[in-house]
Amino acid sequence: MIVVIGSINMDLIGNMERLPAPGETVSGSEFTTAPGGKGANQALAARRAGAAVRMVGATGTDTFAEDALALLKDAGTDLEGVRVCEGATGIALILVDPDGENVIAVIPGANFKVTPEDAGEAVAAMATGDTLLLQLEIPESSNRAALEAAREKGVTSIINIAPLTKAVDRLSPLADIVIANETEFSRLSGRRVETLDEVRTELEALHAKTGQCVIVTLGGDGVLYARDGTIDHVPALSIKPVDTVGAGDTFCGYLAQGLDSGLEFSEAVRRAAVAGALACLKPGAQPSIPLSEEVATRL
C-alpha cells in the first residue's frame with residue numbers, strides 16, 4: 001500500500017505563444033482545466049503504475065471539488081482519507097508555452113486545512129513495509145507529523161521537496177528518500193548547480209555527509225541518485241515535450257510504486273524516469289500520466 005498525504009487542486013491551464021515577463025500581457029491560444037495538485041498527481045501516478053493507493057488530503061465545498069477528484073476516483077484510488085472543508089478547493093494557475101515550459105501559481109485553499117492529526121492518523125493506519133509519499137503543498141506541521149510517525153512505525157517515507165519552501169531544510173532530513181529537481185537540489189546542497197558534473201559532485205558530498213538516499217531529476221539530462229555509498233545516473237529518453245507540468249509528479253508516483261512492489265532500486269528509478277518522460281507528451285498534469293502498459297512498452 002502507498003499512502004499519499006498531500007495537495008488536491010484544480011488546474012486552470014492557459015496555452016501561450018510565450019510566457020509573459022513581469023508586468024506583461026501575452027495572448028493565449030487555448031484554455032483547459034484538469035485535476036491536479038502534487039499530492040493527487042503522485043497518487044494517480046502510483047495507481048496507474050499498479051499500486052494500491054490511499055489519498056489523504058482535503059477539498060473545499062466549491063464546484064471544483066468533485067472534478068479535482070474525478071480521475072483519482074475513476075482509477076480506483078482509496079479516497080476515504082480526503083476530507084471536505086468549508087471554502088475553496090486548491091487552485092493552480094498554469095501557463096504553458098509551445099516548448100512545454102511553464103509557470104505556475106498555486107492558491108492552497110483546502111490543502112492548508114490538512115492537519116497534523118490527519119497525517120498522524122493516516123500513518124497510524126499503515127502497516128510496516130508500506131510506503132508514505134509526501135510533498136510540500138500542505139502545512140509543514142502536517143508533513144512533520146507524518147514523517148515522525150512513519151519513522152516510529154517502520155514505514156518507508158519519500159518526500160518530494162517541491163514546491164521549494166523554507167521547510168525543505170527542516171523536513172528533508174526526516175525522510176528515508178528525498179526527491180528533488182535541479183533547483184531544489186541546489187537549496188538542499190547549499191550550492192547552485194547547473195551542469196550534470198556539478199550535480200554529481202555536490203550529490204557525492206551530500207551523501208557522504210548524511211548517508212541519505214537522494215534522487216535528483218534533471219529533465220533532459222536524466223536522473224542522478226545517491227544510495228548506499230554509490231552514485232548512479234539514468235539517462236533521459238529523447239522526446240519533444242508538449243507540457244512538462246506532470247513529469248516530476250509522475251516520476252515520484254512511479255518510483256514509489258516500483259519500490260513498494262519490490263523492484264531493484266536502479267530498475268525502479270529507470271522505470272520512473274521513462275514514465276516521467278512520457279508524461280511530457282500530453283497536456284495537463286493528471287491526463288498526461290501514462291499507464292503501466294505504456295511505460296513497459298517504452299522500456
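**Notes on the predicted model**

1. Let's start with a helix pair. Helix α9 packs against helix α10 (residues 265-278) at an angle of about 150°, and their axes are 8 Å apart. Angles over 145 degrees count as roughly antiparallel, so α9 is roughly antiparallel to α10. The crossing of α9 past α10 is right-handed. Keep in mind throughout that this is a predicted model.

2. Who meets whom in that pair? On the α9 side the residues are Ala 247, Thr 250, Phe 251, Tyr 254, Leu 255, Gln 257, Gly 258 and Leu 259. On the α10 side they are Phe 265, Ala 268, Val 269, Arg 271, Ala 272, Ala 273, Ala 275 and Gly 276. Sorted by class, the contact comes out as eleven nonpolar, four polar and one charged residues.

3. Next, the loop leading up to α9. Ala 236 sits in the loop between β13 (230-234) and α9 (247-260). Leaving aside residues up to four places away in sequence, Ala 236 touches Gly 219, Gly 220, Asp 221 and Gly 222. Thr 217 is 19 residues from Ala 236 along the chain, with 9.6 Å between their C-alpha atoms.

4. Now the sheet. Nine strands make an open sheet with mixed pairing, in the order β5-β4-β1-β8-β9-β10-β11-β12-β13. At the edges are β5 (78-84) and β13, each of which pairs on one side only. From one strand to the next, the twist averages 15°.

5. For a look inside that sheet, take β10 (residues 177-181) and β11 (residues 213-217). These two strands run parallel and are joined by five bridges.

6. Helix α4 (residues 116-124) lies across β1 (2-5), β4 (53-59), β5 and β8 (131-134), and runs at about 180° to β1. Helix α5 (residues 140-153) lies across β1, β8 and β9 (156-160), and runs at about 160° to β8.

7. Last, a hairpin. Strands β6 (residues 90-96) and β7 (residues 102-107) pair in the antiparallel sense over six bridges. Leu 93 stands opposite Ala 105 in β7. How many residues lie between the two hairpin strands β6 and β7? There are five, and Gly 100 in the turn has a positive phi of about 90°.

Technical notes
Residues are numbered from 1 along each chain as its sequence is written. This is a predicted model: local features need pLDDT of at least 70, side-chain atom pairs count only at pLDDT 80 or more; totals for chains, interfaces and linings use all residues. Side-chain values use heavy atoms; hydrogens and water are left out. Two strands pair if DSSP finds at least two bridges between them. Helices (H or I, at least four residues) and strands (E, at least two) are DSSP runs, numbered from the N terminus. Contact means heavy atoms within 4.5 Å. Axes are lines fitted to C-alpha atoms, for helices over the stretch in contact, and angles run from 0 to 180 degrees between N-to-C directions. Angles under 35 degrees count as roughly parallel, over 145 as roughly antiparallel, 65 to 115 as roughly perpendicular and the rest as oblique. A crossing is left-handed if the near helix is turned anticlockwise from the far one by less than a right angle, and right-handed if clockwise. Ala, Val, Leu, Ile, Met, Phe, Trp, Tyr, Cys and Pro count as nonpolar, Asp, Glu, Lys and Arg as charged, and the others, Gly among them, as polar.
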